[in-house]
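Subject: Structure handover and notes

Dear colleague,

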Amino acid sequence: MQARDIAVSLPTVTTRDSVAKAVRIMVIGRLPGLIIVDDLSRPRLVLPGTQVLRLAVPGSYQEDPALARTIDEAYADQFWLDLGNRTVGDCLPRDPARPVTVPTGANLLEVAALMARTRSPIVAVVDRDASLVGAITLERLLTSLAVFGLGEP
């Protein structure tokens with residue numbers, strides 16, 4: 001099997017989308033992460049869920065955990081609602097890593113090795129023009145491997 005055989009269409013976001021929208025898309029879709037695309041539907045960044053969470057947590061609290069302990073519980077439970085108009089692009093690192101992608105013809109071992117090496121539970125599948133064809137989640141990959149292996153001795 002190849003990446004194109006198990007890739008699925010997942011919602012994506014752009015750098016112009018709000019962080020709140022990005023978090024909601026991930027939560028509603030029960031996704032392990034998000035793919036951020038440019039205007040030509042090319043993956044710009046693939047973020048595991050923990051990195052999407054980093055977009056929502058103000059940097060000052062990430063850098064100083066003691067500061068987070070000073071916040072009352074009511075605010076702490078709703079901090080992400082105060083994101084205002086912050087966009088995904090506002091919160092990305094200045095030099096983001098290359099997106100975690102595989103070509104449509106990659107075999108499942110290539111996909112598994114990439115996920116393991118990058119610690120990413122989601123991989124973007126791209127065509128020759130680097131346009132997004134679909135995505136493979138860790139769950140989808142493992143399910144495909146398990147089901148394919150059922151017929152084997």
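In which sense do strand S1 and S2 pair, and over how many bridges? The two strands, of which S1 covers residues 33-37, run antiparallel to one another and are joined over five bridges. Within this pair, Ile-36 has Leu-45 of S2 standing opposite. The hairpin that S1 and S2 make has five residues between the strands, and there Ser-41 adopts a positive phi near 60°. As for covering, strand S2, residues 43-48, is mostly shielded, with five of its six residues buried.

Before going further, please keep in mind that this is a predicted model. Its chain has a mean pLDDT of 90, and 97% of the residues reach 70 or more. Confidence in the chain is lowest in helix H6 (residues 73-76), where the mean is 81, and highest in strand S3 (residues 101-103), where it is 98.

Leaving aside residues up to four places away in sequence, Thr-14 touches Ile-36, Val-37 and Val-88. Thr-14 counts as buried because its relative accessibility is 16%, which falls under the 20% cut-off.

A further sheet is open and consists of three strands in the order S3-S4-S5, with mixed pairing. Because S3 and strand S5 (132-137) stand at the edges and each have a single partner strand, one side of each is left without a neighbour in the sheet. Neighbouring strands of this sheet are turned against each other by 30° on average, direction ignored. Between S3 and strand S4 (residues 122-126) the pairing is parallel and extends over three bridges, and Thr-101 has Ala-124 in S4 as its bridge partner.

Lastly, is Gly-84 buried or exposed? This glycine, Gly-84, sits in the loop between H6 and helix H7 (88-91), and it counts as exposed because its relative accessibility is 53%, which is over the 50% cut-off. Although Gly-84 and Gly-105 are 21 residues apart along the chain, their C-alpha atoms are separated by 41 Å.

With best regards

How values were computed:
Residues numbered from 1 in each chain as written. Predicted model: local features only at pLDDT ≥ 70, side-chain atom pairs only at ≥ 80, totals over all residues. Heavy atoms only, no water. Buried < 20%, exposed > 50% of the residue type's maximum accessible area, 1.4 Å probe, protein only. Contact = heavy atoms within 4.5 Å. pLDDT = per-residue confidence, 0-100. Helix = DSSP H or I, 4+ residues; strand = E, 2+ residues; numbered from the N terminus. Pairing = 2+ DSSP bridges. Axes fitted to C-alpha atoms, helices over the stretch in contact; angles between N-to-C directions.
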